[in-house]
Amino acid sequence: MKKTMYEKIWDSHLVVDAADQAPLLYVDRHLMHEVTSPQAFEGLRISGRKVRNPHSILATMDHCVPTKNRDQPIADPIARKQIETMAENCFENGLNLYDMKNPNNGVIHVVVPEHGFVHPGMVVVCGDSHTATHGAFGALAFGIGTSEVEHVMATQTLPQNKSKTMQVVVNGTLSKYASAKDIALAITGKIGTAGGTGHVIEYTGEAIRELSMEGRMTLCNMAIEAGARAGLVAPDEKTYEYLKGREFAPSAQHWDQALAYWKSLPTDDGAVFDTTVTLDASDIAPQVSWGTSPEQVVGVDGLVPAPESFSDEIKRKACEGALAYMGLTANTKITDIAIDLVFIGSCTNGRIEDFRIAAEVAKGTKVAKGVIAIAVPGSYHVKQQAEDEGLDKIFIDAGWEWRDPGCSMCLAMNGDELTKGQRSASTSNRNFEGRQGKGGRTHLVSPAMAAAAASAGHFVDIRKL
Amino acid sequence: MEPYKKHESIAALMDRSNVDTDQIIPKQFLKKVERSGFGIHLFHDWRFNDDGSDNAEFELNKPTFKGAKILVAGDNFGCGSSREHAPWAIADYGFNAIISTSYADIFYNNCFKNGILAIKVNKDQLDKLMAEISANEGVCFVIDLENQQVITPAGNGFIFEIDPFRKGNLLSGLDDIGLTLKHEAKITEYEHQHKQDYPWLWA
């Protein structure tokens, strides 16, 4: 029987498959942050249960942490309590926590790969939808709710129904300055935010193999924006090279055994996917979202669409609502949209490569008058690496703020947020109403596009710079 | 969890698609460390004006929908983040059933952990239910999980599909973790084999 990679991982993690209940899947790695875990620890305490395998857990603080003045107490007392609760819970249960002051601190989905904590073939969960990021390593990684966080802590398993499989083939080569982010947005634009519901996506094709590990993380990160349970990329030499020598990677003693297993994981030739979607990378222009859903995207050389251009009634209505919220007029050129704030960071685009490409674009420019530009590294390690390469100076010289790591303006829980009517160019993953602050207007873009918009004050086609 | 019982309740209408979890419970309310008390923040940014008063334009603020336990909504309800605060807020507000054509996966799972029955219908059924509510706001539907049935006064009722495991858990109000721990021996056996097969994961 020919199997997809998803089916191989599923089969090897099945603990119980009884007729009268959902299959129980074994969980290898459990990632944690302060927002979705406190009620799970509370549940454990109330029921007198213990964490079954503390070594399977890596925890960080990222959603509520300030990105400046970190030496001072958190001003928001509710956020402070949440941070303190996280520290207490991890201490009580003997968990590995990279707290705010730890040099390993950062956004969970940036920190975890840095330490080689996720390997190909694992089942990985986190109370966070962007857990899909780790599919870049060929691990089945997906977001769960807080009740499930408690379930995994207590049992190291999760009742799961098997997903369908979707193959997204991206052929061809990306043009210069088009990136993994643009592939992710183009896919969401093509299949919609419910296009992947009930499915696990495997990304295949020449353009995917060409992506770096970081690019693959960006791509898999946004599998959830297309509604998928998880995204996967088959491991290859880039994956092994990335992992080798990292703190939690297999030791020299076990390396060959691990490698042999990893090489058995890719989808068998002739295995059948439930659905296949095909794109050509050379057709993908740098993308800009114009609406309040990640499927509402267009190439930078395009126009804000008119509601009547949608034949589907639901999409037409959604377009009307989005244009009203976004303060946009149909048929406006994307490059004519002026922005107030630029944010580079998040678990989607907060890695070193993202800052390198943004710095390349920002070098020698100045942030446009009236625009605020914020660079928030995904972790202290990313920050340090960038500083070692002198990238911080490029940003600071150009008028950017260079911050400490955290989720920051991706979901605006930590005080970094848009005010009503402010418009951002953001490298994050969601442009929902109010996501970056009540009344804030978010345009999702790649790091290079964000950097170009910062100096121009509006979107620009970076291919023409 | 309380066992899920047959009930007759007002069905509120939310004729919007892709209602995301950022709308259901905006991020400023995710900082609490308790599970309770999220209902007052449900749909906060849509439900309240800037000065904190009720937004009369928002559908759930209509007096005819007061006390509704059933929420009828458009496609792809609950998309976005994994926050269980969304179903906590929905349940705490008073809803225990949602009817839509589709849900985001994580949200759907989270509903059943919190005593919310998420019913999937086809487009035609949804259109009829929405039309029935629009024509007669305040109308009550009957939700009968045991028989997997929704009954409406205008005869737009239907039989719905549901995973038998989810149904059983809702009806019994049983704790998932307790059920899983009945398989403790199998989990231990699996872990033993896992250590043999993948020793680098345990080193």
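1. A:Leu341 stands opposite A:Ile372 in strand E16 of chain A. The two strands here are E15 (residues 341-344) and E16 (residues 372-375), which run parallel and are joined by 4 bridges. Strands pair if DSSP finds at least two bridges between them. Strands (E, at least two residues) and helices (H or I, at least four) are DSSP runs, numbered from the N terminus.

2. On provenance: this is a predicted model, where local features need pLDDT of at least 70, side-chain atom pairs count only at pLDDT 80 or more, and totals for chains, interfaces and linings use all residues. Residues are numbered from 1 along each chain as its sequence is written, while chains are lettered from A and ligands numbered from 1 in the order in which they are written.

3. Now the sheet. Five strands of chain A form an open sheet with parallel pairing, in the order E17-E16-E15-E18-E19. E17 (401-402) and E19 (441-444) of chain A each have a single partner strand, so one side of each is left without a neighbour in the sheet.

4. Next, the interface. 56 residues of chain A are in contact with 45 residues of chain B; contact requires C-beta atoms, placed from the backbone, to lie within 7 Å. Elements of chain A that give two or more residues to this side include strand E1 (14-16), helix H2 (38-47), helix H5 (146-155) and helix H11 (313-326). H5(A) gives the most, with 6 residues. By class, the chain A side has 22 nonpolar, 25 polar and 9 charged residues. Ala, Val, Leu, Ile, Met, Phe, Trp, Tyr, Cys and Pro count as nonpolar, Asp, Glu, Lys and Arg as charged, and the others, Gly among them, as polar.

5. How do H2(A) and H5(A) pack? Their axes are 8 Å apart, at an angle of about 50°. Axes are lines fitted to C-alpha atoms, for helices over the stretch in contact, and angles run from 0 to 180 degrees between N-to-C directions. The pair is therefore oblique (under 35 degrees is roughly parallel, over 145 roughly antiparallel, 65 to 115 roughly perpendicular, the rest oblique). A:Gln39, A:Ala40, A:Gly43 and A:Leu44 in H2(A) meet residues of H5(A), among them A:Val149 and A:Met153.

6. A:Ile462 lies in the segment after helix H16 (447-456) of chain A. Is A:Ile462 buried or exposed? A:Ile462 counts as buried, with 23 C-beta neighbours inside 10 Å. Buried takes 20 or more other C-beta atoms within 10 Å, exposed 12 or fewer, partly exposed in between, with C-beta atoms placed from the backbone. The C-alpha atoms of A:Ile462 and A:Tyr177 are separated by 6.8 Å, although these residues are 285 apart along the chain.

Note on methods. Two residues are in contact if their C-beta atoms, placed from the backbone, lie within 7 Å.
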